[in-house]
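Subject: Structure for you to look at

Hello,

Here is the structure I said I would pass on. Please open it first, then read the notes below.

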Amino acid sequence: MVRIAEAAATPLMGGVRVSRSLQENAAITLGRAAMVCPNQLAPLLPHFLGPWCNALRNVRDDHEKEQAFRGLVAVVHKTPEPAVTSFPAFASAITSWRHIQDEGLAQAMVQLLRYLHNGVGAEAWGRMVGSLEPAVRSKLEGMCR
């Protein structure tokens, strides 16, 4: 499964120009792999979380995006540090949703945000959120209420 995840992450890394469609499919595949085996992918997360999140934010809201985000939530919960270091991309992906059909996923994302907030502390969290683009910051703050 790790090899599949590495292959899926390759189009996201920017070394080769690929279509947006291929990036989105790679992001969804990576999410599905993370959903099935988050423990195996967690050590690799620092290498691809930022590009993965950048690709996920462009995926239209549907069942495939939900699957990808279930994987994202599972693997970030195992290894939260990359979400902190890639916070702008992570927050942009989380706030890219217009409407999440799966209420359980929506709650899991809010719980993950609270987990990250508690992990870094209020002061660092304030700096992280303060560094975001205004639209992302506003939506993220609305999610965390």
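pLDDT is the predictor's confidence in each residue, on a scale from 0 to 100. The chain has a mean pLDDT of 90, with 89% of its residues at 70 or more. Confidence is lowest in helix α1 (residues 2–9), at a mean of 56, and highest in α7, at 98. Helices are DSSP runs (H or I, at least four residues), numbered from the N terminus.

This is a predicted model: local features need pLDDT of at least 70, side-chain atom pairs count only at pLDDT 80 or more, and totals for chains, interfaces and linings use all residues. Residues are numbered from 1 along each chain as its sequence is written, and side-chain values use heavy atoms, with hydrogens and water left out.

Helix α9 has four residues to look at: A124, W125, M128 and V129 are buried (under 20% relative accessible area; exposed is over 50%, partly exposed in between; 1.4 Å probe, protein chains only). They lie on the same side of α9, because they cover an arc of only 130° around the axis (taken from the directions from the helix axis to the C-beta atoms). A122, E123 and R127, on the other side of α9, are exposed.

Salt bridges come next (a side-chain nitrogen of Lys or Arg within 4 Å of a carboxyl oxygen of Asp or Glu). The whole structure has seven. In one of them, R70 pairs with D102, with the closest N and O atoms 2.7 Å apart. This pair links distant parts of the chain, R70 being in helix α5 and D102 in the loop between α7 and α8, 32 residues apart. Shared partners join E66, R70 and D102 into one network.

Regards

Definitions and conventions. Helices (H or I, at least four residues) and strands (E, at least two) are DSSP runs, numbered from the N terminus.
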